[in-house]
Amino acid sequence: MEFKEIVMQRYATREFDGRMVEEPKLFALLDLIRYSPSAFNLQPWKVKVVTAAKIKALLRPFAHDQPQITTCSHLLVFCANTELERLADKVLEVMDLTGMPEDDIRRYEAMIRGYIGPMSPEQRLGFAREQVHIALANALNGAKSLGLDSCPMGGFEPAAFAEALFLPEEYVPVVLCAIGYGADTPHPKWRLPREEIFF
Ligand SMILES: Cc1cc2nc3c(=O)[nH]c(=O)nc-3n(C[C@H](O)[C@H](O)[C@H](O)COP(=O)(O)O)c2cc1C
């Protein structure tokens, strides 16, 4: 499928047919998410993959009772990973392993730590949140590229999800992505005209 077709055919799926996504396809999708770009390559995301029908049913009331939650195959709970220092450590470690000159690593370290070091907890969360939405975009278009449908969902209670899924406090639910096979008919796409967006 051409990328243009993927973009035009993807739609927010409000009802899935309940079929499970085959494991190889699921892993292919998870890899497309994993390879998303992020600032400083920090990858400040964690994605909880919810498969069990019982857990999906438990979560649905905390997402305005949206049917996508229980009809989808897999529910991806995209979380911001606010442990930026630990992620920075990993990035620097990999740079070292790949044989990057020490001076370059130290320069990068000063830049990265200078950027994230002074951040307040709210700023850390805001920073991670922004990156999570880039991974979400990969998930949505990536799903279509694999013949799957998806629905991004911001309408849910993050605190209730965190509690129900026993998430550690450094992982903050940001957005959901239901994936599976659509059972509804997409609405015609409406978007603002070019001249209202680009200036
Ligand atoms: C961050 C985000 C949150 C969204 N939250 C919801 C949601 O909670 N429930 C829902 O049905 N659709 C949700 N949507 C889907 C949008 O309504 C949908 O993408 C938009 O109307 C454009 O339609 P299309 O995706 O079918 O082209 C969300 C989309 C995004 C990007």
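Helices (H or I, at least four residues) and strands (E, at least two) are DSSP runs, numbered from the N terminus. With that in hand, let's tour this predicted model, in which local features need pLDDT of at least 70 and side-chain atom pairs count only at pLDDT 80 or more, while totals for chains, interfaces and linings use all residues. Residues are numbered from 1 along each chain as its sequence is written, and side-chain values use heavy atoms, with hydrogens and water left out.

**Stop 1: the whole chain.** Show the protein chain as a cartoon. You will find nine helices and four strands, in the order α-α-β-α-α-β-α-α-α-β-α-β-α from the N terminus. The C-alpha trace spans about 55 × 40 × 35 Å along its principal axes. Of the 199 residues in the chain, 40% are buried (under 20% relative accessible area; exposed is over 50%, partly exposed in between, with a 1.4 Å probe and protein chains only).

Now look for polar contacts (pairs of N or O atoms within 3.5 Å). A polar side-chain atom of Arg-14 sits 2.7 Å from a ligand oxygen. On the backbone, a polar atom of Pro-152 is 3.2 Å from a ligand nitrogen, and one of Gly-155 is 3.0 Å from a ligand oxygen. On its own the ligand has 620 Å² of accessible area, and the protein covers 62% of that (Shrake-Rupley method, 1.4 Å probe).

**Stop 2: the aromatic rings.** Next, select Phe-40, Tyr-108, Tyr-115 and Phe-127, which ring pairs link into a cluster. Rings of Phe, Tyr and Trp (its six-membered ring) pair if their centres lie within 6.5 Å; planes under 30 degrees apart count as stacked, over 60 as edge-to-face and the rest as tilted. The whole structure has four aromatic pairs. Zoom in on Phe-40 and Tyr-108, an edge-to-face pair with 6.2 Å between centres and 80° between planes. Phe-40 is in the loop between helix H2 (23-34) and strand S1 (45-50) and Tyr-108 is in helix H6 (residues 102-116), so this pair ties together parts 68 residues apart in sequence. Is Phe-40 buried or exposed? Its relative accessibility is 18%, so Phe-40 counts as buried.

**Stop 3: a charge over a ring.** Finally, select Arg-19 and Tyr-181. Arg-19 lies over the face of Tyr-181, 4.2 Å from the ring centre (NZ of Lys or CZ of Arg must be within 6 Å of the centre and within 35 degrees of the ring normal).

Technical notes. A polar contact is a pair of N or O atoms within 3.5 Å; within protein, one must be able to donate a hydrogen and the other to accept it, and residues adjacent in sequence count only if both atoms are side-chain atoms.
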